[in-house]
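Thanks for coming. I will walk through one structure this morning, starting with its ring pairs and then moving on to the helices.

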Amino acid sequence: MTVLTVLTSSPPVLALAGLLGAALGSFIHTRADGPSSPFRRSACNVCRKNLGPLELVPVFSYVFLGGKCAGCKGRIPWRYPVVEAVLGILFVLATVAADGNVTALLRTWFVLCVFTYTFLTDALRQDVSPLLMVGAAAVLVPVQLALGMPPGPLLLGALVGGGFFAAQHFVSKGKWVGLGDAWIGLALGVLLGFPGVLAALLIAYASGAAVAVTLLAAGRMKRTSTMAFGPFLVSAGTVVLLWGPVLTTWYWRLTDAIGERLYG
């Protein structure tokens, strides 16, 4: 166990990681809510009043203000504290998973921020930034190579992840999937390589189908309705990135157990 492993697993460092993630979650969410300058001050969605320091504390401000703007008393969307809390928790989990590898930790934090923004923009208005996805993939290529991913699986992952959705988009003339999914698939392929990207696709389709069936059964969605697939892709990518080895171990244990039952 290295000094960095001990340091990054200490409660104070984990607490700081959680606070950083929550603060970035608040910032990212504000920018994802609509076109705006990254340097614009955060403001109330209703009255547009600039928020003060006490209104900008992640999660706490929402609870303290009762979910309302201090000025106009307009409702603050509940998704704000949820995104802040989730990204804070993910930053903590990423810190633990990095096991003292600073490069891997910074890589994962970067990916989580990009994925959070993409999740929100696609879920809120079905908008995926090609520039962000291609830029993220370009940044990840040298980082993944430095972390030990062979060039072959990296290239194949990018081709499979991006090509799978691009082919569907062009064959269906955009009726099956949007081109934004191809850009996300490209970034996922570089991040996870091959066959890791296949695991992400499997999880994304399974979770997307489960949500769609639930919404149809509840009458919240019609068969002709469209549903953004980007949030499922980035969520699945996060799961594989953080828990890929654990999932692989469970998979082989499950197949071994099934094999023993079937063939003795």
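Across the whole structure, a search turns up 8 aromatic pairs. Keep in mind that this is a predicted model. A pair of aromatic rings is described by the distance of the centres and the angle of the planes. Take the pair of Tyr-205 and Phe-229: the centres are 4.8 Å apart and the planes are at 45 degrees, and the pair is classed as tilted. Where do the two residues lie? Tyr-205 is in helix H8 and Phe-229 is in the loop between H8 and H9, so the pair ties together parts that are 24 residues apart in sequence.

Is each of the two buried or exposed? Tyr-205 has 34% relative accessibility and therefore counts as partly exposed. Phe-229 is at 13%, which means buried, because the cut-off for that class is under 20%. Both residues also belong to a cluster: ring pairs link Phe-164, Phe-165, Tyr-205, Phe-229 and Phe-232.

Now the chain as a whole. The protein chain has 9 helices and 0 strands. Read along the sequence, the pattern is α-α-α-α-α-α-α-α-α. There are 264 residues in the chain, and 40% of them count as buried. Of the contacts between residues at least 6 apart in sequence, 66% join residues that are at least 24 apart.

Next, some helix pairs. I will begin with H2 and H4.

Helix H2 covers residues 11–32 and helix H4 covers residues 79–98; their axes come within 7 Å and cross at roughly 140 degrees. H2 and H4 are therefore oblique to each other. The crossing of H2 past H4 is right-handed. On the H2 side, the residues in the contact include Leu-14, Ala-17, Gly-18, Gly-21 and Gly-25. On the H4 side, among them are Tyr-80, Val-83, Leu-87, Gly-88 and Phe-91. By class, the contact of H2 with H4 has 12 nonpolar, 8 polar and 2 charged residues.

Helices H7 and H8 come next. H7 runs over residues 151–171 and H8 over residues 179–217, with axes that come within 7 Å and cross at roughly 125 degrees. That angle makes H7 oblique to H8. The crossing of H7 and H8 is right-handed. Their contact is made up of 18 nonpolar residues, 8 polar and 1 charged.

H8 also packs with helix H5, residues 102–125, at an angle of about 165 degrees and with the axes 13 Å apart. Why is this pair called roughly antiparallel? Angles over 145 degrees count as roughly antiparallel, so H5 and H8 fall in that class. H5 passes H8 in a left-handed crossing. Arg-107, Val-111, Phe-115, Thr-118 and Asp-122 of H5 meet Asp-181, Ile-184, Leu-188 and Leu-191 of H8. That contact divides into 5 nonpolar, 1 polar and 3 charged residues.

Val-141 sits in helix H6, residues 130–146. With a relative accessibility of 28%, Val-141 counts as partly exposed. Which residues does Val-141 touch, leaving aside neighbours within four places in sequence? Leu-154 and Val-190 are the contacts. The C-alpha atom of Val-141 is 10.0 Å from that of Ala-158, which is 17 residues away along the chain.

Thr-238 is in helix H9, residues 230–263. Thr-238 is buried, at a relative accessible area of 10%. Again leaving aside neighbours within four places in sequence, Thr-238 is in contact with Leu-90, Leu-112, Phe-115 and Trp-243. Phe-115 was also listed among the H5 residues that meet H8.

Last, the backbone. Most residues other than glycine have a negative phi, and most peptide bonds are trans. Here are the exceptions I want to show.

Phe-194 and Pro-195 are joined by a cis peptide bond, with omega at about 15 degrees. Pro-195 is in helix H8.

Val-59 has a positive phi, near 65 degrees. Val-59 is placed in the loop between H2 and helix H3, residues 60–64. Its relative accessibility is 29%, so Val-59 is partly exposed.

Lys-173 has a positive phi too, near 55 degrees. Lys-173 is in the loop between H7 and H8. Is Lys-173 buried or exposed? At 75% relative accessibility, Lys-173 counts as exposed.

That is what I have; I will take questions now.

Methods
Residues are numbered from 1 along each chain as its sequence is written. This is a predicted model: local features need pLDDT of at least 70, side-chain atom pairs count only at pLDDT 80 or more; totals for chains, interfaces and linings use all residues. Side-chain values use heavy atoms; hydrogens and water are left out. Axes are lines fitted to C-alpha atoms, for helices over the stretch in contact, and angles run from 0 to 180 degrees between N-to-C directions. Helices (H or I, at least four residues) and strands (E, at least two) are DSSP runs, numbered from the N terminus. Angles under 35 degrees count as roughly parallel, over 145 as roughly antiparallel, 65 to 115 as roughly perpendicular and the rest as oblique. A crossing is left-handed if the near helix is turned anticlockwise from the far one by less than a right angle, and right-handed if clockwise. Ala, Val, Leu, Ile, Met, Phe, Trp, Tyr, Cys and Pro count as nonpolar, Asp, Glu, Lys and Arg as charged, and the others, Gly among them, as polar. Buried means under 20% relative accessible area, exposed over 50%, partly exposed in between (1.4 Å probe, protein chains only). Contact means heavy atoms within 4.5 Å. Rings of Phe, Tyr and Trp (its six-membered ring) pair if their centres lie within 6.5 Å; planes under 30 degrees apart count as stacked, over 60 as edge-to-face and the rest as tilted.
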